[in-house]
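Work through the exercises below with the sequence and the model open. Try each task before reading its solution.

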Amino acid sequence: MLSSRVKIAPTAALVALAIVACAQPTPPAVAPKPAGSSAAKAAPADELSEKAFGLPAAVPRLRFMPDVDGSRGVLMRTGEGELALIGRMRVATSPTGVMERADELLPQGRIVAQRLPTRLGGGFLFLAATGRGTELWRSASWLGPLEPLVGFSQVAHNERPITMGFDRIYLRFSTLNELTAIDPKSGGLLPYGSLPVAPGYGELLFLDGWRAVVDADIVGTLATYDAGATWRPIGVKGRVRGIIPSSGDPDDGEEAIVQVDGGSYRVGAGGHVTFTPSGPLAQSFATPRTPATALKPGLAKASGPIGKKPLRVVLERGYPDSATTALVAANGALARVSLESGAVLDVTPHAYPDEYAECSGVALGDKGRKPEQAVGFVCGSAEGGTVVYALEPPLSLREVMRFEEPRVVTESGQGALVVRGPCAGKDDPGASVRPFCVRFADGSSREIRIRGEVGAERVVALQDGRVVIIVPPRSGTQGQISILEGKGSKHIVLKMPEGGAPREVETGMWLEGFHQTGQDEVGGWIEAGGPTFGVRIKLDGQVTIGNIVDEPGGVLVGGRFGLAIGERGHLLETIDTGQTWRELDLPRVDDPSEQLRARRCSAVGCVFPGWLKIGWGEPAREDDLREAAAPATVKISSLKLSSGPVSLSCKSGPAAPKAKASTTKMEGTAVTGWAAHEEVEAPSLKKGDVGIDNGAPYDLVPIHAYVWGKKESDWSRTGRFLIRYTDRFSLEQVRSSAVTTSPWASETAASDAFGLGNYGYGYNAVAWSAQRDQGAALVGACRGRVCSLFAVEPEQPVLSLRTTESGGLSRPHAGSAVKVGQVWFYLGDPGIPEQVTLYRADLGHVRQVASYRRLMSPRFAATTLPKLVRRAKTDQLGLAFVLREGPTDKRGVRYVLPLDPDTGELGEPVRLGRPDLADVEISSGCGDRDGWLLELPFDPPPNISLDTGATTLDSVELRLRMDPGKACIDAGAAALAFFTGGEKPKPSDGKLAPASSFPMMVADRSSFTRRQLSCEAKPKLSFP
């Protein structure tokens, strides 16, 4: 190696300037595979596993570890050390530098790890958001085997996708703010369990097996102290930014901190809630971290005798003494380090006097020394000399050579060293004669001198006492080797391979560190500004050229070992001076470009950006760095019924009369289209009248509004106002108000209210909408959020609603307006994004009743707004919604949250049944029966038989009165698609429909007529 402080070079170290690119990984294969690089040919495993000539006697087997530096991938800090996710690897490090890595790789993607509390079985949960969707594993320990749990095709949410519940895990997906409950042991899907009933869920925190705090849509922030048996509001005001525990230990269960704009609420174990202004906001991270305060005193700064990272140090400067251990000299100590974990197994402090010297391990023979004991260290410091130490078993050092100045020292591969300079005295680099001090494998030494054009020569001491001097070829010269044996010498011209040699043999740099590769053979490395290859020379002068390697990350060499660093985690490895190469692939790690550490290889392994490579050749563990087995993916099947669709038996009824054409001539001027509504023509305009109209003819409740009056007159006297809307549940579906005096005093004011502006531009700038209840309608004309609202009843004057509140009347939410007696209630937009407000209009005056908080933070997608509903026979109101327990729940359950019409206070949720009515007892005709009144699209559509033949209806909508587990059909509406047999419906026979039936209004698309059917519900079919 080449020391940065002293000229010591027991091996050559070639470092290219390119940095290894982080790229898409493929599972690492430490077994050879067909060559995919143009640089080299892959070698079979048996060739690479053959024992090479010389030392080390035992080569450590191959294993990779990520280079942990305390800032990369750390998820949790504990008293025992750090747990980290680096790339796809689970790594644990102790304060003394012990490193352990799990064998399995998590898949490529966004990884989340979270500790499981003891109530869920303990251990760890791992989540991976990949191209396949979301996959979960659990493990009994951080490094333990991964047990596949469950997979989903949906992608998990970016922030805190996992919540540990009382007895289940809640997983949040990125779409539609959906939660799924999972059994922590089997991975099976579970219902929501003890969560409060609500339209949607925001932040969740379960402190222990009894206490939890949940922020829910509409119902607000709730707390439970009895494992979800009861939930009560805790009076949180403002937007909830996060709910975090006061302790980082999942089993600690101290207090919940609800963070809002401007402060935080602290929820104590006994239910006491306190507010603190200007509290901290929750951090945005996917995996909860254990606070640094959890570290035991002193452990965070502890380090062993050779530093905080023994494994890295031993790879850079150590030498193997067995297949699983290596020796390293550092900080004045001599230590034996485990290559499996980096643990210091044994140490001798003060093994050499200069603790500031930097030492590099070498193969150092001695007379009578066993091969595994042929270990030495070359030590030196910036201002000091060079000292060579030999290992003295069991674990001490003995000085064998000392020089007063820095020296370049190279090892010859079988226990001999070559030192540049004389054996005694100082080296004189300016002399025309270059001396070398050679220490042979038996411990004897000899000084040789080389004359001539010195500098390019490479000296190798052979095992049998001979010395080989290599002079590389250059342009115009062949190169030669000189063999010194005793006092004699012979010189042999280098013989290139048949077919010639690449030009880099002459133009490239023959690196320091040539070594003995066979009984009568030496070898080394040639580097040519990027392209690098090994060369071997027989003592008869025959040259063998290895494969040229040119990788963007450069080539690191140390003796007969070499590593070429390619792109996308691709590596090439050799253990025979570049004669054969093996291809390896590494998983992706984070960008290590900021790490300015040494890049070098030794007989122990390599250090390069992001990685520690331990050993060479065959892998230490079979299937190491294999990807964990993928869990089975939950199949989200289509809707399945536990009972058959509703079947209806219908009889023909009366037909609606066709609309009559107007007999009044249109003598006035229509500024806009003055269009008909359905088949009912627009009001007639007399001579001198100006008419303006607008509407929403294709809405759920089609609407058309008309205003007209004499041109340039006082429209408060001459103006007229009329609204028409459609009631699908009525045989005469077009309803019309009475002609009413214009609420606008002039044509200009009316034009502006209808969306025209002063010059006739801006048509449709005002959006019209209508909501119908009991034959009446609440009509809105809104520009942005501010609206004009009108209460409309058939053949009654239009009532303009008003308010004294600032900001005017708010836009009603679709499908959330009901009429109780003469009072309209509706849900509207108050202008605050995370609120919905309940309004009531008494005798035309609108006021706020209550506001409800919504989940509208950037982390949570808005859930579907509940619908405002009422009871059929009483004045009770409620908010109806369907709760689906995750993406696999295609049916859900319909609930109603009763509310007080005077205060808006919410009551306990009422379970009405499944939306497909499979668990609801259905009857025909409601009579005086009460129930929650809901108008619902029917899915799946009912089976309908008509007295005149089978028929098909679509767009079926039923008006139901519902109570828990039962419902009656009050009325229906549908469109006639086609008959499959028989005759078309006949006119009514005049008989009254039975009380057990309900009216179904059907629009015939072929004849543009409407007919009333009298229908009864048949018993439902049941399926096993």
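The exercises that follow cover a helix, a hairpin, a loop residue and several aromatic rings.

The model is predicted, so local features need pLDDT of at least 70 and side-chain atom pairs count only at pLDDT 80 or more, while totals for chains, interfaces and linings use all residues. Residues are numbered from 1 along each chain as its sequence is written, and side-chain values use heavy atoms, with hydrogens and water left out.

**Exercise 1.** Determine how many residues of helix α2 are buried.

Solution. Helices (H or I, at least four residues) and strands (E, at least two) are DSSP runs, numbered from the N terminus. Buried means under 20% relative accessible area, exposed over 50%, and partly exposed in between (1.4 Å probe, protein chains only). Helix α2 covers residues 310-317. Its buried residues are P310, L311, R312, V313, V314, L315, E316 and R317.

**Exercise 2.** Describe how strands β37 and β38 are joined.

Solution. Two strands pair if DSSP finds at least two bridges between them. Here 6 bridges join β37 (residues 480-485) to β38 (residues 488-493), and the strands run antiparallel. Opposite L484 stands S489 in β38. The hairpin has 2 residues between the strands, and G486 takes a positive phi near 65 degrees.

**Exercise 3.** Locate D366 and list the residues that it touches.

Solution. D366 is in the loop between β27 (358-363) and β28 (375-380). With a relative accessible area of 16%, D366 is buried. Contact means heavy atoms within 4.5 Å. Not counting residues up to four places away in sequence, D366 touches R398, R439, A441, D442 and G443. The side chains of D366 and R398 are also joined by a polar contact of 2.6 Å (a pair of N or O atoms within 3.5 Å; within protein, one must be able to donate a hydrogen and the other to accept it, and residues adjacent in sequence count only if both atoms are side-chain atoms).

**Exercise 4.** Classify the aromatic pair of W674 and W708.

Solution. Rings of Phe, Tyr and Trp (its six-membered ring) pair if their centres lie within 6.5 Å; planes under 30 degrees apart count as stacked, over 60 as edge-to-face and the rest as tilted. The structure holds 23 aromatic pairs. W674 and W708 lie 6.1 Å centre to centre with 85 degrees between the planes, which is edge-to-face. Both residues are buried.
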